[in-house]
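User: Hi, I'm new to reading protein structures and would like to talk one through with you. Could you put it up so we can look at it together?
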Amino acid sequence: MRDDPLVIAMVNRAARGDQGAWNDIIERYSPLVWSICLRYRLDRQDSDDVGQSVWLLLVERIGMLREPAALPGWLATTTQRECLRVLRASRRHEHAELPDDQLSPDPGAAMIEKEILAAERDAAVWAAFAELPRGCRELLAMLLSDHPHSYEDISATLGMRVGSIGPMRARCLDRLRQSPHIAAIADGARDKQARGERGD
Amino acid sequence: MNVVTDGWDDEELLAALRQALAARRAVPPEFVEAGKNAFAWHNIDAELAQLTYDSTHAPQLEAATRAESASIRALTFTSARITLELEVTENSLLGQVVPAQAATIDVEAHDSPDTQIASDEIGCFAIQPIPSGPFRLHCRAAGGINVLTGWITL
């Protein structure tokens with residue numbers, strides 16, 4: 001997973017000034033930055049502050065990342081550091097008498113590692129989904145909606161016969177499974193299994 | 001063989017997709033937008049060199065140059081501290097940093113990996129082959145010289 005060629009290509013293109021590639025990076029990794037802010041229980045304003053700092057640091061460094069594939073790890077540790085900075089600044093203000101270590105309950109390295117893995121999986125699955133034909137995206141989004149739709153609903157909304165929903169669902173999932181984005185994380189999962197760990 | 005098919009069945013794939021879509025929905029759109037906008041600060045430290053001469057826009061001169069040498073096109077990029085003189089020949093792009101000094105030149109192309117070239121001590125360098133698509137040159141030299149040209153297509 002650490003040498004996902006798609007991530008490397010994205011980073012190299014962004015480093016050369018390609019705004020589209022930069023947007024792809026933001027789309028892909030903003031959930032990672034956001035989820036770490038949530039873990040540190042930052043409010044919206046502080047999260048925006050952290051996000052801004054992290055992205056500006058990345059803009060500055062993107063041409064110098066020695067291993068583009070290590071981007072998620074770099075983003076996670078940078079976000080963590082920025083979260084702690086923001087927390088210290090605001091809590092020091094409120095409780096000037098307390099030492100730092102009593103102020104910032106640090107969710108710790110294990111949490112960060114877990115968030116990176118989850119974010120990588122989510123990002124890869126989402127990237128694969130985004131490349132599906134529109135019909136597949138609409139169908140899968142309806143099937144996975146928080147308020148489940150009946151096949152009759154789906155049939156009426158998407159203008160397809162009820163009988164073809166099942167087969168189309170299978171074809172769309174096959175297509176998703178064949179995406180290089182999914183292959184990249186499946187390789188990672190397999191390595192993990194080989195090491196005798198259980199995925200959650 | 002497709003390694004993935006051993007991994008996720010339809011239900012696992014749907015569960016992974018449900019999770020991925022939920023993770024994205026959780027992020028406020030303004031948070032994502034702010035991230036995209038941060039790219040406006042890309043290369044803030046590099047000074048942009050302006051194209052101040054292009055032989056294709058100076059037809060008489062181009063004809064004269066052609067008659068005397070193998071030069072096909074000449075370009076000049078000017079910044080506050082240095083000037084980059086470029087000359088396109090049949091199979092290479094020749095350049096010189098003015099005033100003469102050793103420099104490092106990155107060739108940044110849209111469609112191929114960056115290549116780095118070191119000039120000689122008087123600032124002369126050669127790029128071979130000539131980049132086929134749009135590219136720009138990023139020139140760094142002693143004293144904090146950090147200059148980026150606009151995009152060039154030859």
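User: Thanks! How do β5(B) and β6(B) pair?
Analyst: Keeping in mind that this is a predicted model, β5(B) and β6(B) pair in the antiparallel sense, and four bridges link them. The two strands make a hairpin, with five residues lying between them.

User: Which residue is the bridge partner of I105(B) in β6(B)?
Analyst: In β6(B), I105(B) has I117(B) as its bridge partner.

User: And what holds strands together in general?
Analyst: Strands of a sheet pair through backbone hydrogen bonds, and the pairing can be either parallel or antiparallel.

User: OK, what about β5 and β8 of chain B, how many bridges are there?
Analyst: Strand β5 of chain B, residues 103-109, is joined to strand β8 of chain B, residues 135-141, by seven bridges, and these two strands run antiparallel. As one example, D106(B) has H138(B) as its bridge partner in β8(B).

User: What is the order of the strands in the whole sheet?
Analyst: The sheet in chain B is open and has nine strands, in the order β6-β5-β8-β9-β1-β2-β3-β4-β7, with mixed pairing. Its edge strands are β6 (115-118) and β7 (124-127), each of which pairs on one side only. On average, neighbouring strands of this sheet are turned by 25° against each other, if direction is ignored.

User: Switching to chain A, how many residues does helix α2 have?
Analyst: Helix α2 of chain A covers residues 19-39, which is 21 residues, and its span from first to last C-alpha is 30 Å, close to the 30 Å expected at 1.5 Å a residue.

User: Where does α2(A) bend, and what is at its start?
Analyst: α2(A) bends by about 45° at Y29(A), with a proline, P31(A), following within four residues. At the start of α2(A), a side-chain oxygen of D18(A) comes to within 2.8 Å of the backbone nitrogen of G20(A).

User: And what comes just after the helix?
Analyst: Just after α2(A) there is R41(A), which has a positive phi of about 55°, a positive value in a residue other than glycine. R41(A) sits in the loop between α2 and α3 (44-61) of chain A.

User: Last topic: how many residues does the contact take from each chain?
Analyst: The contact between the two chains takes 40 residues from chain B and 45 residues from chain A. The area buried between them is about 3,900 Å², and carbon and sulfur atoms give 66% of that area.

User: Which residues of chain B lose the most area to chain A?
Analyst: In chain B they are R24(B), F31(B) and F39(B), which together account for 20% of what that side buries.

Note on methods. Residues are numbered from 1 along each chain as its sequence is written. Chains are lettered from A and ligands numbered from 1 in the order in which they are written. This is a predicted model: local features need pLDDT of at least 70, side-chain atom pairs count only at pLDDT 80 or more; totals for chains, interfaces and linings use all residues. Side-chain values use heavy atoms; hydrogens and water are left out. Two strands pair if DSSP finds at least two bridges between them. Axes are lines fitted to C-alpha atoms, for helices over the stretch in contact, and angles run from 0 to 180 degrees between N-to-C directions. The expected span of a helix is 1.5 Å times one less than its number of residues. The bend at a residue is the angle between axes fitted to the seven residues ending there and the seven starting there. A polar contact is a pair of N or O atoms within 3.5 Å; within protein, one must be able to donate a hydrogen and the other to accept it, and residues adjacent in sequence count only if both atoms are side-chain atoms. Contact means heavy atoms within 4.5 Å. Buried area is the accessible area (1.4 Å probe) that two parts lose on being put together, summed over both.
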